[in-house]
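Thanks, everyone. I'll keep this short. Please look at the screen.

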Amino acid sequence: MSVRSLDGNVSGEVEQACLVALVALRSGERLRSARCASYLREFSVRLASVTTAAHLGDFYEQAANFFMWQQVTAA
């Protein structure tokens, strides 16, 4: 599953997408890729519409440690 395909309909899909996003964040920290930032920006917008997944707090806590996530969500 790619970060771009998050639809928020199934909790398992959201959880998998969050795991993929964390991998992208780790890679993006090393690469400083504009494409990675673009995908993460789109992911953050889509993720904002998901309110029922219990594990989102864990994702946000981990993602907050990455400079790229800070930049993407601050814009």
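Start with the order of elements. Read along the sequence, the protein chain runs α-α-α-α. That comes to 4 helices and 0 strands. One caution before I go on: this is a predicted model.

Now the chain as a whole. It has 75 residues, and 35% of them count as buried. How much of the contact comes from residues 24 or more positions apart? Take the contacts with a separation of 6 or more: residues 24 or more positions apart account for 65% of them.

Next, the core. A general point comes first. In soluble globular proteins, nonpolar side chains tend to be buried together. Here, the largest nonpolar core has 20 residues. Which members touch the most other members? They are L25, L40, F43 and F59. Where do the core residues come from? α1 (11–31), α2 (34–47), α3 (56–63) and α4 (67–74) each supply at least two. α1 gives the most, with 7 residues.

Let me pick out F59. Leave aside residues up to four places away in sequence. F59 then touches C18, A21, L22, F43, L47 and W69. Note F43 in that list. F43 is also among the core members that touch the most others.

On to a helix pair, α2 and α4. Their axes come within 9 Å and cross at roughly 60°.

Last stop, S44. This residue sits in helix α2. Is S44 buried or exposed? Buried means under 20% relative accessible area. S44 is at 14%, so it counts as buried. What does S44 contact, beyond its neighbours within four places in sequence? The partners are W69, V72 and T73.

To recap. The chain has 4 helices. The largest nonpolar core has 20 residues, and α1 gives the most to it.

Notes: Residues numbered from 1 in each chain as written. Predicted model: local features only at pLDDT ≥ 70, side-chain atom pairs only at ≥ 80, totals over all residues. Heavy atoms only, no water. Core = buried A, V, L, I, M, F, W, Y, C linked by side-chain atoms within 4.5 Å. Buried < 20%, exposed > 50% of the residue type's maximum accessible area, 1.4 Å probe, protein only. Contact = heavy atoms within 4.5 Å. Axes fitted to C-alpha atoms, helices over the stretch in contact; angles between N-to-C directions.
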